[in-house]
Amino acid sequence: MHTEPPQYPAALGECSGRVAGSAHTRVLVYEPGPAGLRTSRWVTEHRAQLVDALDRSGAVLVRRAIDSPGALDEVAACVGGELLDYTERSTPRSRVGGHVYTSTEYPAAQTIVQHNESAYARSYPRWLFFAALETAATGGETPLADSRAMVRQLPRELVDRFREKGVRYSRTYREGMGLTWQEAFQTDDPLQVERYCEEHGIEHEWTADALRTRQYGPALIAHPHTGEESWFNQAHLFHSSNLPREVTEALAELYPAEDMPRAAHFGDGTEIPDEDMDRIRAAYDACSFAFPWERGDLLLVNNLLVSHGRRPYTGNRRTLVAMAEKVSTRRTGPGSYVFGL
């Protein structure tokens, strides 16, 4: 099922609105008037319209709306309610204050590929809130890609295969090789890690120098009311082809397959071909839309419908993130999953 592009109000309070994007991904952009914007009041007054826009287009950009981490924390709570901590981590980031975090702390020259936040986990945030407090000299955009368009862009045979099999994510936490288990689970207590894994359906095994985990998730999720599907997984991030070939080969010389820092297989344990990953990355490229950040911009994203990434940049860049409303996947039949709202 494919919904038609929705119509949006030309104005929302003191902000004028327009639609930006491409044939695949659309963003509703609001520009404050000359007097500026009292952002917390504005999002509170227009929350219903903003949530409706996020549930249809998936992303809303409000220009020059945030000037501090505290302002982001307040605005995110106005829209999303109780804010979430960053648990079961897969990338490095730091808490700035309250429930506001830095965006993923990868070197400026690296690309962060498209992904839906925490799509590998049993639960994940519905809402993401980004604030650009300092913009890069060049680059540093946050591309967005509509996850429903991904389903239409990918070959039908590939989508059907991923839908049927799902994805198995494997991780090995080892000192000096990515995140440690202490950082990923935000505790130094192995018993707390074991309890978390048991409560969240994560298989786990301690070795002499590492922690191995394995978890399973769907490749697609459907809206419980419309039935429209979203491409919702991180197979392409966990898959060995996400690393440069020389890095993969070096790791293979050091560790057996079960001790690789990350790996992705189909849910039945079979290999996912590199060719599938190539098609998925090409689909993300085709569906992505990016805009230049301006200082103070606020970006609201429906994580269930839209993926995000980061382009390389030069200069200094400070983008902060908050998350709200935990959502869990519910299985409704063989190869069929919905997110529960």
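1. A residue counts as buried under 20% relative accessible area, as exposed over 50%, and as partly exposed in between. Asp160 has 33% relative accessibility, so Asp160 is partly exposed. This residue belongs to helix H5, which covers residues 156–165. Note that the model is predicted. Asp160 and Ser22 are 138 residues apart along the chain, and 26 Å separates their C-alpha atoms.

2. Now the overall build. The protein has 22 strands and 10 helices. Its C-alpha trace spans about 60 × 40 × 35 Å along the principal axes. The radius of gyration is 20 Å. A compact globule of 341 residues would come out near 20 Å, so the two values agree.

3. Burial and surface come next. Of the 341 residues, 52% count as buried.

4. How far apart in sequence are the contacting residues? Take the contacts between residues at least 6 apart in sequence: 77% of them join residues at least 24 apart.

5. On charge, the protein has 37 positive and 47 negative charges. The mean positions of these two sets are 4 Å apart.

6. Aromatic rings deserve a look. The count comes to 12 aromatic pairs. Tyr169 and Phe238 form one of them, with an edge-to-face arrangement. Tyr169 sits in strand S11 (residues 167–174) and Phe238 in helix H8 (residues 235–238), so the pair ties together parts 69 residues apart in sequence. Ring pairs also bring in Tyr120, which joins Tyr169 and Phe238 in a cluster.

7. Which residues does Ser170 contact, leaving aside neighbours within four places in sequence? They are Thr213, Arg214, Phe238, Pro261, Arg262 and Ala263.

8. Two backbone angles are worth checking. Ser118 is not a glycine, but its phi is positive, near 60 degrees. Ser118 is in the loop between strand S7 (112–115) and strand S8 (123–134). At 8% relative accessibility, Ser118 counts as buried.

9. Glu325 also has a positive phi, about 60 degrees, and is not a glycine. Here the residue lies in a strand, S21 (residues 318–333). Glu325 has a relative accessible area of 27%, so Glu325 is partly exposed.

10. Glu325 turns up again among the contacts of Trp127. Trp127 lies in strand S8. This tryptophan is buried, at 1% relative accessibility. Not counting residues up to four places away in sequence, Trp127 touches Val51, Leu54, Asp55, Gly80, Val301, Asn302, Ala322, Met323, Ala324 and Glu325. By contrast, look at Ser68. Trp127 and Ser68 are 59 residues apart in sequence, with 19 Å between their C-alpha atoms.

11. The loop between S14 and S15 holds His223. What lies in contact with His223, beyond neighbours within four places in sequence? The contacts are Glu228 and Phe339. Val338 is 115 residues away from His223 along the chain, yet their C-alpha atoms are separated by 5.9 Å.

12. Gly227 is in that loop too, between strand S14 (220–222) and strand S15 (229–231). At 40% relative accessibility, Gly227 counts as partly exposed. Gly227 and Val338 are 111 residues apart along the chain, and their C-alpha atoms are 8.3 Å apart.

Terms used
Residues are numbered from 1 along each chain as its sequence is written. This is a predicted model: local features need pLDDT of at least 70, side-chain atom pairs count only at pLDDT 80 or more; totals for chains, interfaces and linings use all residues. Side-chain values use heavy atoms; hydrogens and water are left out. Helices (H or I, at least four residues) and strands (E, at least two) are DSSP runs, numbered from the N terminus. The radius of gyration is taken over C-alpha atoms; the globule rule is 2.2 Å times the number of residues to the power 0.38. Buried means under 20% relative accessible area, exposed over 50%, partly exposed in between (1.4 Å probe, protein chains only). Contact means heavy atoms within 4.5 Å. Lys and Arg count as positive and Asp and Glu as negative; His and the chain ends are not counted. The place of a charge is taken as NZ of Lys, CZ of Arg, CG of Asp or CD of Glu. Rings of Phe, Tyr and Trp (its six-membered ring) pair if their centres lie within 6.5 Å; planes under 30 degrees apart count as stacked, over 60 as edge-to-face and the rest as tilted.
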